Amino acid sequence: MNGEQEQAILAVHVRGLDGMCVGCHAWWSRLTPYPCWQVDWATSRKARTITARFLGGVR
Ligand SMILES: [Zn+2]
């Protein structure tokens, strides 16, 4: 996992003017309040990747 998937999700799943997720609406015609679970997932994955990289750099 190199973080590209998370980046792609975060790039598409952004907050719309109505507070709904643009990505979920575009992909599945689904109105999901932002942040949707995909953003939550990508954010936590990304944080873990950065932490791992940080720890790796220190070592
Ligand atoms: Zn979404």
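How many helices and how many strands does the protein have? I looked this up before anything else. The protein has three helices and zero strands, where helices (H or I, at least four residues) and strands (E, at least two) are DSSP runs numbered from the N terminus. Along the sequence I read the pattern α-α-α.

**Model and numbering**

I note that this is a predicted model, in which local features need pLDDT of at least 70, side-chain atom pairs count only at pLDDT 80 or more, and totals for chains, interfaces and linings use all residues. Residues are numbered from 1 along each chain as its sequence is written.

I then checked pLDDT, the predictor's confidence in each residue, from 0 to 100. The protein averages 90, and 93% of the residues score at least 70. Confidence is highest in α2, at a mean of 94, and lowest in α3, at 88.

**Overall shape**

I looked up the radius of gyration, taken over C-alpha atoms, with the globule rule of 2.2 Å times the number of residues to the power 0.38. The protein has 14 Å, whereas a compact globule of 59 residues would have a value near 10 Å. The C-alpha trace spans about 45 × 15 × 15 Å along its principal axes.

**Burial and core**

I counted a residue as buried if 20 or more other C-beta atoms lie within 10 Å of its own, exposed if 12 or fewer, and partly exposed in between, with C-beta atoms placed from the backbone. Buried residues make up 14% of the 59 residues.

Which residues form the largest nonpolar core? I find five: C21, C24, C36, V39 and A42. Such a core is a set of buried Ala, Val, Leu, Ile, Met, Phe, Trp, Tyr and Cys residues joined through C-beta atoms within 7 Å.

For contacts I used C-beta atoms, placed from the backbone, that lie within 7 Å. Leaving aside neighbours within four places in sequence, A42 is in contact with E6, I9 and L10. Of the contacts with a separation of 6 or more, 32% are between residues 24 or more positions apart.

**Loop between α1 and α2**

I looked at V14 and G16. V14 lies in the loop between α1 and α2, and G16 is also found in the loop between α1 (4-12) and α2. V14 is exposed because 12 other C-beta atoms lie within 10 Å. G16 has 14 C-beta neighbours inside 10 Å and so counts as partly exposed.

Not counting residues up to four places away in sequence, V14 touches V22 and G23. With its neighbours within four places left aside, G16 is in contact with C21 and V22. V14 and P35 are 21 residues apart in sequence and 7.7 Å apart in space, C-alpha to C-alpha.

**Loop between α2 and α3**

Where does P35 lie? I place P35 in the loop between α2 (22-28) and α3 (37-58). A cis peptide bond joins Y34 and P35, with omega about 0°.

S29 is found in the loop between α2 and α3. I noted its positive phi of about 50°, although S29 is not a glycine. Most residues other than glycine have a negative phi, and most peptide bonds are trans. S29 counts as exposed because it has 7 C-beta neighbours inside 10 Å.

**Helix α3**

I ended with R48, which lies in helix α3. R48 is partly exposed, since 13 other C-beta atoms are within 10 Å. The C-alpha atoms of R48 and C24, 24 residues apart along the chain, are separated by 24 Å.

Terms used. Contact = placed C-beta atoms within 7 Å.
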